[in-house]
Amino acid sequence: MNVSRIFKQDPDPLKLDELFSSDEKCLEFLAEAKWKDGFICRKCGNTNHCPGKTPYSRRCTKCKTEESATAGTIFHNCKFPLHKAFYIAWNVCKAKEDLSTYEFARRLSLRQMTCWNFKTKIRQALNEMDSLTENERESIQKILQ
Ligand SMILES: [Zn+2]
């Protein structure tokens, strides 16, 4: 899981309401962030693509591998609406107030356990991201020495 993609690119604050109410807007946002520097097929490295079967997915023109906008992100295989997952992720990663899973459940009409599971997933991802950054720092230092 490439967790740096939780919010690789910060959403426009003015568009948060859209993101928190529309799965399609979330997919659009993820696709834009993921392929900001262009498409590269994960399997063969080809840079040409055509639209995939699902909204905002892309298919490699060479090996036909399809990649969804959520692949490699914390939102992949999410069992509840994406815009609700976005809301939780945003609040956990970016907002200052630390909402309880009961509060998320109440606001989003989800089961508390669903919110708890997803929040745990985000926390784990954030921890992994911290350790990744350390490794990267180390390797940069080695190059400099
Ligand atoms: Zn390919």
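Predicted model: local features only at pLDDT ≥ 70, side-chain atom pairs only at ≥ 80, totals over all residues.
User: What makes the arrangement around the zinc ion tetrahedral?
Analyst: The 4 donor atoms subtend angles of 105 to 115°. Four donors count as tetrahedral if all angles lie between 85 and 135 degrees. Residues are numbered from 1 along each chain as its sequence is written, and side-chain values use heavy atoms, without hydrogens or water.

User: Which residues coordinate the zinc ion?
Analyst: Cys41, Cys44, Cys60 and Cys63, each through SG, at 2.3 Å. Donors are N, O and S atoms within 2.8 Å of the metal (3.2 Å for Na, K and Ca); water is not among the atoms, so sites may look incomplete. The spacing in sequence is C-x2-C-x15-C-x2-C.

User: What is Cys63 called?
Analyst: Cys63 has 32% relative accessible area, so it is partly exposed.

User: Why is Asn77 called exposed?
Analyst: Its relative accessible area is 57%, so Asn77 counts as exposed. Its phi is near 55°, a positive value in a residue other than glycine.

User: What is Tyr56 called, buried, partly exposed or exposed?
Analyst: Tyr56 has a relative accessible area of 32%, so it is partly exposed. Tyr56 has a positive phi of about 65°, although it is not a glycine.

Methods. Tetrahedral: all angles 85-135°; square planar, octahedral: opposite > 155°, others 65-115°. Buried < 20%, exposed > 50% of the residue type's maximum accessible area, 1.4 Å probe, protein only.
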